[in-house]
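Hello,

Here is the structure you will be working with. Please open it first, then read my notes below.

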Amino acid sequence: TGTLMQGKRGLVMGVANDRSIAWGIARAVAAQGAEVAFTYQGEALEKRVKPLAESIGSSLVLPCDVGDDASMDAAFDAVAKAWGRIDFLVHAIGYADKQFLRGRYLDTPRSAFLQAMDISCFSFVAVGQRAAALMSTGGSLLTLSYLGAERVTPHYNVMGVAKAALEASVRYMATDLGERGIRVNAISAGPIKTLAASGIGDFRYILRWNQYNAPLRRNVTIEDVGGSGLYLLSDLSSGVTGEVHHVDSGYHVVGMKNPDAPDI
Ligand code: NAD
């Protein structure tokens, strides 16, 4: 514990359970004194998110479906009413129909393409608009991406294209909000076994591949991502914006399979 986030308040969107990347980040900032509000998608998740929030002293826990403007407005109105202003926002939300997270990208239908873009990319713009309106003295917006945005990774397909658009959004939003002292960054996380990841074909193989071939020879944890999230949400990163920061045991620098890796 420490005081890096003392006096800061923020909203964490995308906790589904205690394996969620958003939860790793929330815990890291709370341990440094941040006050955290949470949003969850749909009633089924409320009973999972509420106890997690309470365990770090948070009582502001709100429903929010980022596919619905009225739902986003209601959540941000509630935050505005409770706190008036915020200092940070974590967007750890993504969705694509898992039917299309296997097979060929080329076979993606329009509806699945638009839904993945809407929930995984536009939603960061939509919550960024609303969060920035509450950041009267600067702030930090953070989203989550994956290497599949930059290069082809197995089965990531339409999600990779949505993440590429998300990373481009980070750069445009950073430019739009920079003069107000609001920073916008992404963490490109290595594979982690979460609810969302379970929809990706051959995910166990992907985990193994990264473990054997990443420079650190291990997979990252939500604690690893939490630590880097803390840096990007705190004043430690006051000169950093528009950045896509890899938290992936170094996997993104590797150009060839590790010759000593065991067969998978
Ligand atoms: P997760 O399943 O714990 O979190 C995904 C969250 O998205 C859930 O809380 C879900 O409720 C939320 N969500 C989906 N549709 C929504 C909607 N319409 N409205 C509101 N919320 C919605 O999985 P995670 O792996 O922690 O995912 C968090 C982020 O990290 C995602 O953007 C994901 O793409 C990204 N990411 C994950 C990995 C990985 O390997 N797990 C790697 C890199 C990036």
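**Around the ligand**

The shell around the ligand has 19 nonpolar, 7 polar and 1 charged residues. Here Ala, Val, Leu, Ile, Met, Phe, Trp, Tyr, Cys and Pro count as nonpolar, Asp, Glu, Lys and Arg as charged, and the others, Gly among them, as polar. This is a predicted model: local features need pLDDT of at least 70, side-chain atom pairs count only at pLDDT 80 or more, and totals for chains, interfaces and linings use all residues. Residues are numbered from 1 along each chain as its sequence is written.

In total, 27 residues surround the ligand, each with its C-beta atom, placed from the backbone, within 6 Å of it. S20, G94, T194, L195 and A196 are the closest. At least two shell residues come from each of α1 (21–30) and β5 (139–145). Helices (H or I, at least four residues) and strands (E, at least two) are DSSP runs, numbered from the N terminus.

**Strand β5**

β5 is largely enclosed by the rest of the structure, because 7 of its 7 residues are buried. Buried means 20 or more other C-beta atoms within 10 Å of the residue's own, all placed from the backbone. G139, L141, T143 and S145 cover one side, and S140, L142 and L144 the other.

Strands pair if DSSP finds at least two bridges between them. V90 is bridged to L142, and G139 stands opposite I182.

Best wishes

Key
Buried ≥ 20, exposed ≤ 12 C-beta atoms within 10 Å, placed from the backbone.
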